[in-house]
Amino acid sequence: VAPSTAREKILELESDHGARRSTVWGRLGMAPLATALEHLAVIAAVTKNQLASGNAEELAGRYSNAGWKADDAVLKALASRGRQDERAAIEDTVRAIYLPWLEDSAHHLQKLAEDGKYPFQSSRSGKPVSCEDGCCLVFVDGLRMDAGQRLISMLEKQGFDVTGQPIWSALPSVTATAKPAVLPAWAGLAGPDASADFEPVLSQGSKSIKGSQIVRKQLESIGWQILDENISGTVEGNAWCEAGDIDKQGHDSGLKLAASLDAVLAEVAEKVSMLLSSGWPKVRIVTDHGWLLMPGGLPKSEMASFLAESKWGRCAAMKAGAQSNEKLYGWFWNPAVHFALAPGVSCYRANMEYAHGGISLQECLTLQLTVQSRVGASSLFDVRISNVRWVQQRCHVSLQGITDGLLIDIREAPSKPDTSLLVGPPKQVSDPEPSFVVDDSHNGKAALVVLVDANGNVVTQVKTVVGGGLYGNA
């Protein structure tokens, strides 16, 4: 069946059967196909409009305005529950109407890149991420455009002002290349004359430093704080932290990412809330690349193994002097070094449901988010824990700001109520210096004092050790 015919049929079925979602069975979750049909209809409607024409700026506009909604609807359809045969029917339908649309737009964007018209082709044509004093950068690995839009919705519901800016990924769209490209400065990084892992090196000093150490070294060289785990740092200058590894979830679980994505994004939203409530006036969320997700696996592209120094899902580092018909593209960190790309949305490996590293809108056009507390909003987030003091097993906390309606708890993991060390539920905050007792069986445990709102959202937190020590807002 032609994709256009399949799309029209899906829209017809939605018109005839969409009402089933409002029946008793639908509300009980016992009409999985009718539920999925809502999302399949969105895919059908969006993919009727092709993204295989125009320059990069025009593509970015159309994809940012509407195209990403097809990707989002695919995830929602794949997350639908049901029997195995019902899930198989959903997956087959997604593949039939979504894959051709992906292929067409990817081929078009690749042609632009071949002609030197990709917007972020090399380090000479892009700009490092800017971050004024008082801004904390939060890096999220694999925050695709549609995931970014979901995160905007989550943050806005929490009362934050959020703006999004489309950003093109560095090439190839893999973490080793594209993560360093969202650092606030590139001066200390360079591309060697050969790289099997698409990773830059330090321009000076030890060239053996790799991966996350490159990021850390470069940030330290320009005086940035690096915030590990749940630390909010000293609110001055600039800081970098990381949250929500979407890319790892995708590589590990394939199609199951569709059902787990919201939980990962909730972790990111919680991190942002903690930073803003700790006093950072602005948080900027950056990412390295997006990804492709396809039930039944992305198409397979062949390449002789002797041609490649290293072969990834969507791209390959070619051996010096290798002669082949592969399309070659310039590496972001050193345009004189080229990489091969599997055409369209194909992969050099078979049966890959999740992949990135190539050139497509889904992999390359992401969102950079800027988040601030809403001007004139309730002062719910204008509260901080100024210190924590222990007298034997009694914890004394000093708070600053308006605490109306907040609860206080002490937990081993801030977002997990079941890790509470209190006997019973969180305590209502009734004065600016609450105190509570923790059983001595927990003495010496690392924990966090947290303030939560009535919906269970963490407003602010501070690290402590049960039974002793004086701690400021960390």
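The model is predicted, so local features are described where pLDDT is at least 70, side-chain atom pairs count only at pLDDT 80 or more, and totals for chains, interfaces and linings use all residues. Residues are numbered from 1 along each chain as its sequence is written, and side-chain values use heavy atoms, with hydrogens and water left out.

The protein chain holds eleven helices and 22 strands. These elements are DSSP runs numbered from the N terminus, helices being H or I runs of at least four residues and strands being E runs of at least two. The C-alpha trace spans about 75 × 65 × 40 Å along its principal axes. The radius of gyration of the protein chain is 25 Å, which agrees with the value near 23 Å that a compact globule of 474 residues would have. That radius is taken over C-alpha atoms, and the globule rule is 2.2 Å times the number of residues to the power 0.38.

Of the 474 residues in the protein chain, 52% are buried. A residue counts as buried under 20% relative accessible area, as exposed over 50%, and as partly exposed in between, with a 1.4 Å probe and protein chains only. The accessible surface of the protein chain comes to about 20600 Å², and carbon and sulfur atoms contribute 50% of this area. Such areas come from the Shrake-Rupley method with a 1.4 Å probe, and for residues only the protein chains shown count as cover. Among the contacts of the protein chain with a separation of 6 or more, 73% are made by residues 24 or more positions apart; a contact means heavy atoms within 4.5 Å.

An open sheet may now be followed strand by strand. Six strands form this sheet in the order β2-β14-β7-β1-β6-β5, with mixed pairing. The edges are taken by β2 (160–168) and β5 (225–226), each of which has a single partner strand, so one side of each is left without a neighbour in the sheet. Two strands are said to pair if DSSP finds at least two bridges between them.

Strand β1 (residues 135–139) is mostly covered, with five of its five residues buried. In a regular strand the side chains alternate between the two faces of the sheet. In β1, Cys135, Leu137 and Phe139 point one way and Cys136 and Val138 the other way, and all are buried. Five bridges connect β1 with β7 in a parallel arrangement, where Cys136 stands opposite Val283. A parallel arrangement also holds between β1 and β6, which are joined by four bridges; Leu137 stands opposite Trp240 of β6.

Where does Ala243 lie? Ala243 occupies the loop between β6 (239–242) and α9 (246–253). With a relative accessible area of 14%, Ala243 is buried. Leaving aside neighbours within four places in sequence, Ala243 contacts Val138, Phe139, Val140, Asp141, Val268 and Lys271. The C-alpha atoms of Ala243 and Ile285 are 9.7 Å apart in space, although 42 residues separate them in sequence.

Two serines in other loops complete the account. Ser232 belongs to the loop between β5 and β6. Is Ser232 buried or exposed? Ser232 counts as buried because its relative accessibility is 1%. Its C-alpha atom is separated by 9.4 Å from that of Ser277, 45 residues apart along the chain. Ser305 lies in the loop between β8 (292–293) and β9 (308–311), and Ser305 is exposed because its relative accessible area is 56%. The C-alpha atoms of Ser305 and Tyr348 are separated by 9.8 Å, and these residues are 43 residues apart along the chain.
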